[in-house]
Amino acid sequence: MKYLAGYPAPLLAEVQALIAAGRLRDSVLQRYPQAHAVRSDRALVDYVGDLKREYLRSAEPLSKVAYDNHLQVLRNALGTHTAVSRVQGRQLKAKREIRIASLFKEAPEAFLRMIVVHELAHLKQREHDKAFYALCRHMEPDYHQLEFDTRLWLTALELG
Ligand SMILES: [Zn+2]
């Protein structure tokens with residue numbers, strides 16, 4: 001259960017029981033029946049842009065927002081946030097990009113929102129520290145529950 005490393009043992013025992021009963025995926029999807037229509041990069045740009053305008057107006061503009069088929073979910077379950085440094089004239093400029101693993105096209109809306117909130121928070125906070133999670137909760141008060149449930153969903157997907 002690589003997506004769930006670090007969670008408390010009693011919680012993981014409950015997850016194991018759901019897996020053993022073949023009910024993990026259904027138990028997650030029952031609680032998150034709402035799908036989303038953010039199926040294209042164009043739609044994702046708008047979705048991310050709306051959240052950024054609402055909560056992070058002062059953050060640097062994003063140069064690229066896209067779904068990525070090749071993103072290693074194993075390594076980057078929660079998307080990537082890169083600052084690509086490029087020389088423009090004499091200035092070194094950091095370009096901010098957000099890429100979301102394509103499998104989130106099929107995710108419940110709440111999980112897409114969670115991952116976008118996570119990546120947007122990285123525009124302000126690089127590390128996964130207290131300030132980072134405070135910003136996540138500012139954008140999505142239920143952030144921690146959603147991150148856990150997204151990890152459950154990823155675990156269920158991997159089990160097939
Ligand atoms: Zn992160």
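Which helices do the buried residues of H5 pack against? The legends below take up this and other close-ups of a predicted model.

**Basis of the views.** Residues are numbered from 1 along each chain as its sequence is written, and side-chain values use heavy atoms, with hydrogens and water left out. The model is predicted, so local features need pLDDT of at least 70 and side-chain atom pairs count only at pLDDT 80 or more, while totals for chains, interfaces and linings use all residues.

**View 1. The whole protein chain.** Six helices and three strands make up the secondary structure of the protein chain. Helices (H or I, at least four residues) and strands (E, at least two) are DSSP runs, numbered from the N terminus. From that end on, the order of elements is α-α-α-β-β-β-α-α-α. The protein chain has 160 residues, and 42% of them count as buried. Buried means under 20% relative accessible area, exposed over 50%, and partly exposed in between (1.4 Å probe, protein chains only). Take the contacts in the protein chain between residues at least 6 apart in sequence: 68% join residues at least 24 apart. Contact means heavy atoms within 4.5 Å.

**View 2. The buried face of helix H5.** Phe132, Leu135, Cys136 and Met139 are the buried residues shown in H5. Seen down the axis of H5, its buried residues fall within an arc of 100°, so they line one face of the helix. The arc is that of the directions from the helix axis to the C-beta atoms. An α-helix has 3.6 residues a turn, so residues three or four places apart point the same way. The buried residues of H5 pack against helix H3 (41-55), helix H4 (109-121) and H6.

**View 3. Helix H5 crossing helix H6.** Two packed helices are described by the angle between their axes and the distance between the axes. Here the axes of H5 (residues 130-139) and H6 (residues 143-159) come within 9 Å and cross at roughly 95°. That makes H5 roughly perpendicular to H6. Axes are lines fitted to C-alpha atoms, for helices over the stretch in contact, and angles run from 0 to 180 degrees between N-to-C directions. Angles under 35 degrees count as roughly parallel, over 145 as roughly antiparallel, 65 to 115 as roughly perpendicular and the rest as oblique. On the H5 side, Tyr133, Cys136 and Arg137 meet Tyr143, His144 and Glu147 of H6. By class, this contact of H5 with H6 has three nonpolar, one polar and two charged residues. Ala, Val, Leu, Ile, Met, Phe, Trp, Tyr, Cys and Pro count as nonpolar, Asp, Glu, Lys and Arg as charged, and the others, Gly among them, as polar.

View 4. His118 is buried at 3% relative accessibility. His122 is buried too, with a relative accessible area of 5%.

**View 5. Val48 in helix H3.** Val48 is found in H3 and counts as buried at 1% relative accessibility. Leaving aside neighbours within four places in sequence, Val48 is in contact with Leu62, Val65, Ile98, Val116 and Leu120. The C-alpha atoms of Val48 and Val117 are separated by 8.5 Å, although 69 residues apart along the chain.

**View 6. Arg25 beside Leu157.** Arg25 lies in helix H2 (residues 24-31) and is partly exposed, at 41% relative accessibility. Not counting residues up to four places away in sequence, Arg25 touches Ala156 and Leu157. Arg25 and Leu157 are 132 residues apart along the chain, yet their C-alpha atoms are separated by 7.5 Å.
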